[in-house]
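Work through the exercises below with the sequence and the 3D structure at hand. Try each task before reading its solution.

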Amino acid sequence: QVELVESGGGLVQAGGSLRLSCAASGGTFSQLYMSWFRRAPGQERELIAYISGDGRSAIGYLDSVKGRFTISRDNAKNTVYLQMNSLKPKDTAIYYCAGDFSANRYAYWGQGTQVTVSP
C-alpha cells in the first residue's frame, strides 16, 4: 500500500512562490506515475501536472499553470515536488498529489495541502 503525504502549502501574496512536496512510502517510487491535482472552492478537482516514473519521458501541465508551475521528482528521496511561481489568487485551492503504477490512473492519494494566494 502506497502512502502519500503532502507538505509545503500556506498563505502567500500574489506573485509569490511556494514549493509543495509529496513524500511516498510503501512502494517502489520510481515505478509510480505521479500527479498533482487541485480543488478550488466550489469547483471540480482538476489535474494540473503529471510526471512519469523516470522523471523525463512524460511531463505535462494544465494550460493555466504552464510556465509558472514545475513538477519534478527525486526518486532517491521518494518525493515529488511542485514548484509554483507567479502565484495568482485563482490558484487558491487544496492541492493533492496522486500516484499510480499505470499512467492516467490515480489509485493513491495524499490528504491535501491548502494553498491560499492573497491579492
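S35 lies in strand β4, where a strand is a DSSP run of E with at least two residues, numbered from the N terminus. The model is predicted, so local features need pLDDT of at least 70 and side-chain atom pairs count only at pLDDT 80 or more, while totals for chains, interfaces and linings use all residues. Residues are numbered from 1 along each chain as its sequence is written, and side-chain values use heavy atoms, with hydrogens and water left out.

**Exercise 1. Describe the surroundings of S35.**

Step 1. Decide on burial. S35 counts as buried because its relative accessibility is 5%; buried means under 20% relative accessible area, exposed over 50%, and partly exposed in between, with a 1.4 Å probe and protein chains only.

Step 2. List the contacts (heavy atoms within 4.5 Å). Leaving aside neighbours within four places in sequence, S35 touches L47, A49, Y50, Y96, C97, A98 and Y106.

Step 3. Find the residue across the strand pair. Y50 in β5 stands opposite S35.

**Exercise 2. Which strands pair with β5, and in what sense?**

Step 1. Apply the rule: two strands pair if DSSP finds at least two bridges between them.

Step 2. Take β4 and β5. Strand β4 covers residues 33–39 and strand β5 covers residues 45–51; they pair in the antiparallel sense over six bridges.

Step 3. Look at the turn. The hairpin of β4 and β5 has five residues between the strands, and G42 takes a positive phi near 75° there.

Step 4. Take β5 and β6. Strand β6 (residues 59–61) pairs with β5 in the antiparallel sense over three bridges. In this pair I51 stands opposite I59 in β6.

**Exercise 3. Which aromatic pairs does F37 form with Y106 and W109?**

Step 1. Rings of Phe, Tyr and Trp (its six-membered ring) pair if their centres lie within 6.5 Å; planes under 30 degrees apart count as stacked, over 60 as edge-to-face, and the rest as tilted. A search of the whole structure finds five aromatic pairs.

Step 2. Check F37 and Y106. This pair is edge-to-face, with 4.9 Å centre to centre and 85° between the planes. F37 is in strand β4 and Y106 in the loop between β9 (93–100) and β10 (108–109), so the pair links distant parts of the chain, 69 residues apart.

Step 3. Compare accessibility. F37 counts as buried because its relative accessibility is 6%, and Y106 counts as partly exposed because its value is 27%.

Step 4. Check F37 and W109. This pair is tilted, at 4.8 Å centre to centre and 50° between the planes. It joins F37 in strand β4 to W109 in strand β10, 72 residues apart. W109 is partly exposed because its relative accessible area is 29%.

Step 5. Assemble the group. F37, Y96, Y106 and W109 form one aromatic cluster.

**Exercise 4. Where do R45 and R73 lie relative to aromatic rings?**

Step 1. State the test: NZ of Lys or CZ of Arg is within 6 Å of the ring centre and within 35 degrees of the ring normal.

Step 2. Apply the test. R45 lies over the face of F37, 5.4 Å from the ring centre, and R73 lies over the face of F29, 4.3 Å from the ring centre.

**Exercise 5. How many disulfides does the structure hold?**

Step 1. Search for cysteine sulfur atoms within 2.5 Å. The structure holds one disulfide.

Step 2. Describe the link. The sulfur atoms of C22 and C97 are 2.0 Å apart. The link is right-handed, with 55° about the S-S bond.

Step 3. C22 is in strand β3 (residues 18–25) and C97 in strand β9, 75 residues apart. Both C22 and C97 are buried.

Key. Helices (H or I, at least four residues) and strands (E, at least two) are DSSP runs, numbered from the N terminus.
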